[in-house]
Amino acid sequence: MQQTRILLEKAADQALPDWDFLAPAYQLGQFTKGVDIFAPGEWQPFVYVLRGGLVKLSYTNAEGEEWIKSFIGEGDFFACPNVLVAGLKTDYGAVALEDCQVEQIDYAAMKRLMALHPAWQRAISQLLQSHIVRKEQRERELLTMRPEERYQSFLQTYPALAKRIQVRDIAHYLGVTPEALSRIRKRLRV
């Protein structure tokens, strides 16, 4: 649970109590490149923290076209709000882009700790706030920026990840075809 502890205690800006309470709700998963961590339509009431590797979260439409909502690098977290908040099933999938180690914690156990300790409430609240800010930025970029600007923003925001992600996946993240991204990269001399 080492990466989860680092993430949450950084968010709380202090040590958190009762980590042993989470032990029964914790699992370390190993996923090889290309394997689903979860698929659309599943019940996944967990918070995932990436210990190592790279993950993409993506939607697939009825025609099989993929739209990537985000990439998750080491030390970051992901979860499906539809499941955690609304009690629904996942509406997107999580796929390992590299061999991954993923820490998985049942959210119900985390909620019990939040009810017992203000520090846990603060940690989860901080993580959710940072998540909301990132999603707001992503939405703004998709709605207000040209593809070339979105690509430049992606390179600035995720310089290390950009080198590890296939051009096709970056294109699906930006909402353009791989061919259009290739033209953008040529214009920018990337």
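A: Buried here means under 20% relative accessible area, exposed over 50%, partly exposed in between (1.4 Å probe, protein chains only). This is a predicted model, where local features need pLDDT of at least 70, side-chain atom pairs count only at pLDDT 80 or more, and totals for chains, interfaces and linings use all residues. Residues are numbered from 1 along each chain as its sequence is written, and side-chain values use heavy atoms, leaving out hydrogens and water.

First, the whole chain. Buried residues make up 45% of its 190 residues. The chain has eight helices and eight strands (DSSP runs: H or I, at least four residues; E, at least two; numbered from the N terminus). Its C-alpha radius of gyration is 17 Å, close to the 16 Å from the globule rule (2.2 Å times the number of residues to the power 0.38), so the chain is as compact as a globular protein of that length. Along the principal axes, the C-alpha atoms fill a box of roughly 55 × 30 × 30 Å. Of the contacts (heavy atoms within 4.5 Å) with a separation of 6 or more, 71% join residues 24 or more positions apart.

Now the part itself: helix H3, residues 107-116. Tyr107, Ala109, Met110, Leu113 and Met114 are buried there. They sit on the same side of H3, because their arc around the axis is only 155 degrees (directions from the axis to the C-beta atoms). Ala115 and Leu116, on the other side of H3, are exposed.

What do the buried residues of H3 pack against? Their partners are helices H1 (2-12), H2 (81-84) and H4 (118-144), plus strands E3 (46-52) and E8 (100-106).
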